[in-house]
Amino acid sequence: MIVLTTWIITIGIIIIAVRLFLDPKLKEIIETKGSVAINGTLQVGNVSSQFWPMGLRLSHVLVSRSVPGVSKTNLKIESVIIDVDAFQLIKKIAALRIKILKPQVIHESLAIAAATPQTTYVTTTVNVPADSLAQFFELALNLAVQDGRIEYKSPTQNLVVEDFNFLLDMPTLKSEWKTKLGADIIYGAYKVPVFIEGVLKSEGELLKFSKIKTNVSGIDIFLTGDVNIQSYATKLQAETRIPQIEALHAPIDTGCAKIKSGGLDIKINVAAAELFTSLAIDGQVKIQKLKAELIKCNLQSAQLNGPADLESEVLFKYGKTLSFEKLKLQADLSNLDIKYQELFKKQAQKILQLEVDLTQTGDKFYLRTANMVLDKFRMKAKGMLSYLPGTASDFEVDLAKTNLKGLEELFPILASQPVEGDVELATRVRGDLNRPTDLNVDLNPITLQNIKAAVAWQNADKTMSIKGPIALNLQGNLKVQGTQLQSAHLNANINLNKLNITSPFFVKSDQNILSLDFDSEQSQNKIFIRRGSVLLPGGTIWLTGTVASPQQPVLNLFFKTQKFRLDPLLRMIPAMKAYKISGTTDANLTLGGQYDFAMGIEKSPLNMKGKVSLFLDEVVSTPKAPPAPVKAGSTSIATPTSSEPFLSPWPIYKNSNIQIVSNIKNIKYGDLYIRGVNTTHSFIGGRLLSSGTIQSLFGGRLQLQSSSYNMIERAPTLDFSGRAENLQIGQAVTWVSPAWKDLVRGSANGSFQFTIVHPSVMDYLKLSKGVGAAEIKNGFLSTLSFDQMANEKISKIPGLSSRSDIKLNSKGATGDMSALFTLSDGKINFSKFVVLTPEKNEMRAKGWLDLNKTLDMSADIYLSDPPVRGSVREANSDPTGRLMLPIKISGNIFSPSIDVTNDTIKVLLEKTARLEAAKLQKKASQEIQKQGQKLGNDLKKEAEKKLKDLFK
């Protein structure tokens, strides 16, 4: 007894000693190796080993693992009990019983950080020595998990599995294994019970599933098949049937859709080759009278809310691609609210029904039926479609005749102007859908009847806009191959009367008429416009011609007008706002060239040719304010004005050649009246070349022999030449400058040629040039009283100042005038300026007149009846007996200075001296011969002294 007691005590001491040493070591090994294996943290509160029965007890186990910025997982286990049946070792069976009590798993999915976190993968390899005990034993396992809890948390949802119980009973690896699993899954407000039980069997490398039954919230799912545990080759069959979804413990809820009632049958077969190198799935899905409730579902910018009914049957296969042996679908979404951004909105009670019946053979889909009903719209489609490159599709889409009234209820963008009218469309599409450029599209018919709608468009830089209602009738058909229009026939009428159009070159308000009517046909990639017309304020523009390659249009269009009233149309062109024009036009024009949609009319290489005839009653234009006066001493003659061209430099102007014939009865430019203007113009390359006659201008007639003005050039130069007949020079000068009123008058005839630089150019008058010749009948120069100045000088001669026959003229120069002049450097240079008065007084001058109103001229004055007699007059008269007097005219044109200079006196003295000398020589020829030259010199000196005294 003592020996037995001693042996028991000894064994007890040994066990206690071993446990005191072993248990801490096991705890250390489990925590260290376990943490490495899971790439996380493993903590064990207590490890307790026991020898009989053999086993291990772990308590308060905590497993933590996290991926920074992505997720973190914590596993808490109250107890893990591992027992080994030592008696089974005699049978070479390693029998383990593992019980896990109250495990709790909490997994949190975090919001992903801006930077993609780096994930570390840990691979753990366990090598079992060939001579280990494992080869002598089979494994028998009994695993039980009791009262477990699993939580999955994410930023948007929370999933809980509670009352989790699991049992796996494995008598041996070669026998059948029994498994059971039960749990409650809590998702939102719903608790879904889940129960799984079945038998697994191992036959060599195969793991076979048999009698696997899963019940989820009352739904039975049956699974059979096998998996090769070495190659992972798989064959599985799954089947479930839900005759009444409404009988489930909780409705099927996907977050935004709740399945309320209906039936569901699903059969799926899965086959995978070794290591999943290939995967084949086929199955059948039947949805029977399914009713769902969508709650604020957001699908790619579309919002759906409300009930939906669905029936469907699908037979499908998936290998490398997904194919359908059958796809039938019927959906009634009439009670569903649908909104897509601000473009589309369908409210409940608006019918929306879909019906599809198709099959697939290879890469081809055969569409037996595809119908859609949306409110009043009825659309049908049928045919064959293929997505495989190189395979042609052939299908039709038809839209039955539909009235569009109320369409704005579906398309809110049309709310400002509800759409009305009928539309009908039938389309056939043939060809490779992967090559749109080769598709054949046949639209027959296209019918738009009594359409009324609204348009709102603005370009990117907001310089052009179109806004307002339109009315449209269109009937026709067309065929398109790729980008090429093969044939078409369209008959249309478009009413744009209430449309507002704004652009730099054309502005139309809702008060202006604008409608289009055309009948066109297309063939061989060319559109033939048989009849076209544009009704505008003022009349109709008729249109015929062709448009080749409509995608990149090459135009050859003919426009014609007859007695078209211009004034209402020109008011719509901003460039013509400064003009008031009344009258009509006849035009025959051709518009040609290629129009580029990307470049627009501003840059497309278009051209225009033809003839325009203008019959105008009146043209009224208000002149711009004159340049600011030039200060004395300024080097600039005029202040520059705007240099913008009259027309924008578009190719359509640069490439045009238009002949213009105009007959204008009256032109009013400010207070200037011009009558009877008949001109011929050539608009070539943007330059306007003109000639013609003016019947009445400043009381006379003007002939414009030539004129040239570039209308698309910035700061262009004006070249013109012509002749004037009976032009009242006083009216002309007064109109040019009111300050010159009464300066000059007379009836002018002459010719001229000028080159006038644009006023925007600095010193443009200095740079302008010209040449001319003029004759003035009954002329008058108020500031050029040359006879007054001459008579004043002559009247100072002693003995003549009291004579009554001396008459002074202080009213200026009156008579006939003629001149030859040039314009250059800001001056009018006279190479000839002659004035002949009725009294036969005459001035012959040359010099210059500055455009700043100063002048400098040298002249010879011929006086027919001066108050001078005797030798002075006799010596200084022309053959007709007129006294000749050289003078200088200078200063301001309104108050010039007329001077008899010392040179003038010298000339008079020399001529008079020679005459006196000749007389003395004749009277005293003998004395002269006797006295010689000395007497002649003395007489000459005496005559000069006498003349000098006359002008003191």
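1. Asp-163 counts as partly exposed, because its relative accessibility is 43% (buried means under 20% relative accessible area, exposed over 50%, partly exposed in between, with a 1.4 Å probe and protein chains only). The residue lies in strand β6, residues 158-170. Although Asp-163 is not a glycine, its phi is positive, at about 55 degrees. Most residues other than glycine have a negative phi, and most peptide bonds are trans.

2. The model is predicted, so local features need pLDDT of at least 70 and side-chain atom pairs count only at pLDDT 80 or more, while totals for chains, interfaces and linings use all residues. Residues are numbered from 1 along each chain as its sequence is written, and side-chain values use heavy atoms, with hydrogens and water left out.

3. Asp-825 also has a positive phi of about 55 degrees without being a glycine. It is found in the loop between β42 (813-824) and β43 (827-836). With a relative accessible area of 52%, Asp-825 is exposed.

4. Which two residues does a cis peptide bond join? They are Asn-444 and Pro-445, with omega at about 5 degrees. Pro-445 belongs to strand β24, which covers residues 440-458.

5. On the overall make-up, the protein has eleven helices and 47 strands (DSSP runs numbered from the N terminus: helices are H or I of at least four residues, strands E of at least two). Of the 952 residues, 37% are buried. The accessible surface comes to about 54600 Å², and carbon and sulfur atoms hold 58% of that (Shrake-Rupley method, 1.4 Å probe; for residues, only the protein chains shown count as cover). Among contacts with a separation of 6 or more, 49% are between residues 24 or more positions apart (a contact means heavy atoms within 4.5 Å).

6. There are twelve aromatic pairs (rings of Phe, Tyr and Trp, the last by its six-membered ring, with centres within 6.5 Å; planes under 30 degrees apart are stacked, over 60 edge-to-face, the rest tilted). One of them is the edge-to-face pair of Phe-720 and Phe-752, at 6.0 Å centre to centre and 65 degrees between the planes. Phe-720 lies in strand β39 (residues 718-728) and Phe-752 in strand β40 (residues 744-756), so this pair ties together parts 32 residues apart in sequence. Phe-752 counts as buried, at 18% relative accessibility.

7. Two charged side chains sit over rings (NZ of Lys or CZ of Arg within 6 Å of the ring centre and within 35 degrees of the ring normal). Lys-827 lies over the face of Trp-848, 4.1 Å from the ring centre. The charged end of Arg-844 is over the ring of Tyr-862, at 4.8 Å from its centre.

8. The salt bridges number 21 (a side-chain nitrogen of Lys or Arg within 4 Å of a carboxyl oxygen of Asp or Glu). Asp-357 forms one with Arg-368, with the closest N and O atoms 3.6 Å apart. Because Asp-357 lies in strand β19 (residues 352-361) and Arg-368 in strand β20 (residues 364-374), the pair ties together parts that are eleven residues apart in sequence. Asp-357 is buried at 16% relative accessibility, whereas Arg-368 is exposed at 51%.

9. Asp-394 and Arg-428 form another salt bridge, with the closest N and O atoms 2.8 Å apart. This pair links distant parts of the chain, Asp-394 being in strand β22 and Arg-428 in strand β23, 34 residues apart. Asp-394 is partly exposed at 28% relative accessibility, and Arg-428 is partly exposed with a relative accessible area of 32%.

10. Arg-844 also meets Glu-842 in a salt bridge of 2.9 Å, N to O. Is Glu-842 buried or exposed? Its relative accessible area is 9%, so Glu-842 is buried. Elsewhere, salt bridges that share partners join Arg-149, Glu-151, Lys-153 and Glu-162 into one network.

11. Asp-510 is in the loop between β28 (507-508) and β29 (515-523). Leaving out residues up to four places away in sequence, it touches Asn-497, Lys-498, Leu-499 and Asn-500. Its C-alpha atom is 8.5 Å from that of Leu-496, 14 residues apart along the chain.
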